[in-house]
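Work through the exercises below with the sequence and the model open beside you. Try each task before you read its solution.

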Amino acid sequence: TIMASYYGKKQVAQKVNLVSGYTLERNFKLEDASQGALELKVTDKRTKEPLSNVEIELEETPIIGNTNDEGSFSEEVYEGEYYLTLSLVGYAKVKQIVTIKASQENKVEIELQPFDIAVLNDWNGEVTTVLNRNGFYAEERDWNILEDINKYKIIYLNGAYTSGGTPPNEETFKRLLSIAKEHDVDLVFVD
């Protein structure tokens, strides 16, 4: 199936058989599309709380934005199917197809999965990759993690500072210990 689309026009899908070595040409006349409302609500999968400032992109359209303090985003969108991408620091990125129907409120509720593990000083992202491949939600972070350490359950500190990582100064390290204790975040030290 091939899809002919242009934002503001009705999308057309057509099933075709492709044969190796042959050229296939199709012409499409796209009609004007009507609009529908995209009503998006984004929450934290763990706490069920609304998430503000989630970055939103509706691919192949001019629509980008952020959720408000209630975790909501709304916009008039031309009818059709689109990839919706959501991202927020500390959460797994979401990309899914949404269908907008003309003259309707198209409500979409999405829960973002928070990363449970932050990996500091991850050389080439290797530890993060292994964790994610084994079903753990992990992301690589640097020492600015002190600003939002409460979003994580575990901080994995990779001590390979001789391989190019940035070691913390003593004050930063002591702040990490204090803030982690305050927010009941476990620290794992490896070398």
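Helices (H or I, at least four residues) and strands (E, at least two) are DSSP runs, numbered from the N terminus. This is a predicted model, where local features need pLDDT of at least 70, side-chain atom pairs count only at pLDDT 80 or more, and totals for chains, interfaces and linings use all residues. Residues are numbered from 1 along each chain as its sequence is written, and side-chain values use heavy atoms, with hydrogens and water left out.

**Exercise 1. Phi in a loop**

Solution: 
- Step 1. Most residues other than glycine have a negative phi.
- Step 2. Buried means under 20% relative accessible area, exposed over 50%, and partly exposed in between (1.4 Å probe, protein chains only). Asparagine 53 has 48%, so it is partly exposed.

**Exercise 2. Aromatic pairs**

Task: How many aromatic pairs does a search of the whole structure find? Classify the pairs of tyrosine 7 with tyrosine 82 and of phenylalanine 173 with phenylalanine 189.

Solution: 
- Step 1. Rings of Phe, Tyr and Trp (its six-membered ring) pair if their centres lie within 6.5 Å; planes under 30 degrees apart count as stacked, over 60 as edge-to-face and the rest as tilted.
- Step 2. The search finds three aromatic pairs.
- Step 3. The ring centres of tyrosine 7 and tyrosine 82 are 6.0 Å apart and the planes meet at 65 degrees, so this pair is edge-to-face.
- Step 4. Tyrosine 7 is in the loop between strand S1 (2–4) and strand S2 (12–14), while tyrosine 82 is in strand S7 (residues 80–87), 75 residues apart.
- Step 5. Tyrosine 7 has 22% relative accessibility and counts as partly exposed. Tyrosine 82 has 6% and counts as buried.
- Step 6. Phenylalanine 173 and phenylalanine 189 are 5.9 Å apart, centre to centre, with 55 degrees between the planes, and this pair is tilted.
- Step 7. Phenylalanine 173 lies in helix H2 (residues 170–182) and phenylalanine 189 in strand S13 (residues 186–190), so the pair ties together parts 16 residues apart in sequence.
- Step 8. Tyr7, Tyr78 and Tyr82 form one aromatic cluster.

**Exercise 3. A buried threonine**

Task: Which side chain makes a polar contact with the side chain of threonine 85?

Solution: 
- Step 1. Threonine 85 is in strand S7. Its relative accessible area is 7%, so threonine 85 is buried.
- Step 2. A polar contact is a pair of N or O atoms within 3.5 Å; within protein, one must be able to donate a hydrogen and the other to accept it, and residues adjacent in sequence count only if both atoms are side-chain atoms.
- Step 3. The partner is the side chain of glutamate 59, at 3.0 Å.
- Step 4. Contact means heavy atoms within 4.5 Å. Leaving aside neighbours within four places in sequence, threonine 85 is in contact with residues including Ile56, Glu59 and Val94.

**Exercise 4. Two strands**

Task: In which sense do strand S10 and strand S11 pair?

Solution: 
- Step 1. Two strands pair if DSSP finds at least two bridges between them.
- Step 2. Strand S10 (residues 117–120) and strand S11 (residues 138–141) have four bridges and pair in the parallel sense.
- Step 3. Alanine 118 has glutamate 139 in S11 as its bridge partner.
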